[in-house]
Amino acid sequence: MTRVPDQVDFHCHLDLYPDLAAAIATCESARTATLAVTTTPKAFRRNLQLAQSSEFVRVALGLHPHLAEERQGELLLFEALLPETRYVGEIGLDAGPRHYRSMPSQEVVFRKILTMCAVSGGKILSIHSVRAAGRVLDLVEECLPRDRGKLVLHWFSGSSAEARRAVQAGCYFSVNQAMLEKPRGREIVAQLPIDRILTETDGPFIDVGGGPIAPGEVRPTIETLAAVCEVEIADMANKIIRNWINLVS
Ligand code: MN
């Protein structure tokens, strides 16, 4: 039985902080329901071992789109490790200027992972979709029937139409501080159903006050979300915990 957390960080790279064990301990002591995403299948086991006795940290098996081309060879390892976790991420597509060139490989990898998830069933996926939200949703439609997995779009930056399509497809959205700093990000979040919103840090990739954000440092995000969604801060915080419970139960 899962204990109710005090807060939710549904996309954090704990293993990219200098001390993974300390990062896990931070989540544990703050009672942060944390999704520890990984970027390569080779990184998964160490995360799983160190988080073994953790009550609040769950480890996701990932193959990041930025690494998809050079690490395609790890798909076999991915398949072998998949039965060890209910969580998959970070996966997805990135069609931004620096990664556009590898889109064909990214699509091959993403499609294969979605197909593996469809076969196993019951997985929860944390998905990157930079300049590719429509394409991500196309491949999900093609490869992962709705009753075979749940999707969380991490740091969503697509259009309003793509957001509507993602909502129709049953997606959740994990929202971070950097996303809410831009007016466009706040506009998108304001149009999402409040029961699909989760918080994330995407640590350590977001800077706050001159250093990387800490795991579980979601309080400022909750405060901005409350303002954007026009609810009390405490209600927003509770809503996110309830959304997390609905997602994982
Ligand atoms: Mn990330």
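Reply: H13 and D202 are both buried, where buried means under 20% relative accessible area, exposed over 50% and partly exposed in between, with a 1.4 Å probe and protein chains only. The model is predicted: local features need pLDDT of at least 70, side-chain atom pairs count only at pLDDT 80 or more, and totals for chains, interfaces and linings use all residues. Residues are numbered from 1 along each chain as its sequence is written, and side-chain values use heavy atoms, with hydrogens and water left out.

Both residues belong to the manganese site. The protein donors of the manganese ion are H11 (NE2), H13 (NE2), E90 (OE) and D202 (OD), lying 2.3 Å from it. Donors are N, O and S atoms within 2.8 Å of the metal (3.2 Å for Na, K and Ca); water is not among the atoms, so sites may look incomplete. Along the sequence the donor residues are spaced H-x1-H-x76-E-x111-D. Distant parts of the chain are linked here: H13 sits in the loop between β1 and α1 (20-29), and D202 in the loop between β8 and β9 (207-208), 189 residues apart. Helices (H or I, at least four residues) and strands (E, at least two) are DSSP runs, numbered from the N terminus.

Strand β1 leads on to a sheet. An open sheet of three strands runs in the order β1-β2-β3 with parallel pairing; two strands pair if DSSP finds at least two bridges between them. β1 (7-12) and β3 (57-59) are the edge strands, each pairing on one side only. From one strand to the next the twist averages 10°, taken between axes fitted as lines to C-alpha atoms (for helices, over the stretch in contact), with angles from 0 to 180 degrees between N-to-C directions. Strand β2 (residues 32-36) is joined to β3 by three bridges, and A36 stands opposite V59 in β3.

Next come the aromatic pairs, of which there are two. Rings of Phe, Tyr and Trp (its six-membered ring) pair if their centres lie within 6.5 Å; planes under 30 degrees apart count as stacked, over 60 as edge-to-face and the rest as tilted. F10 and Y87 have ring centres 6.3 Å apart and planes at 65°, so this pair is edge-to-face. F10 lies in strand β1 and Y87 in strand β4 (residues 87-94), so the pair ties together parts 77 residues apart in sequence. Both F10 and Y87 are buried. F156 and F173 also pair edge-to-face, at 5.5 Å centre to centre and 85° between the planes. F156 is in the loop between β6 (149-154) and α6, and F173 is in strand β7, so parts 17 residues apart in sequence are tied together.

Strand β7 is covered on both faces: Y172 and S174 on one side, F173 and V175 on the other, are all buried. β6 and β7 pair in the parallel sense over three bridges, with H154 opposite S174. Y172 is also among the contacts (heavy atoms within 4.5 Å) of N243, along with I194, D195, R196, I197 and L198, leaving aside neighbours within four places in sequence. N243 is found in helix α10 (residues 233-248).

Helix α8 (residues 183-190) has G185, I188 and V189 as its buried residues. Seen down the axis of α8, they fall within an arc of 95°, so they line one face of the helix; the arc is that of the directions from the helix axis to the C-beta atoms. These residues pack against α6 (160-168), β7 (172-175), α7 (177-181), β8 (197-199) and α9 (219-229).
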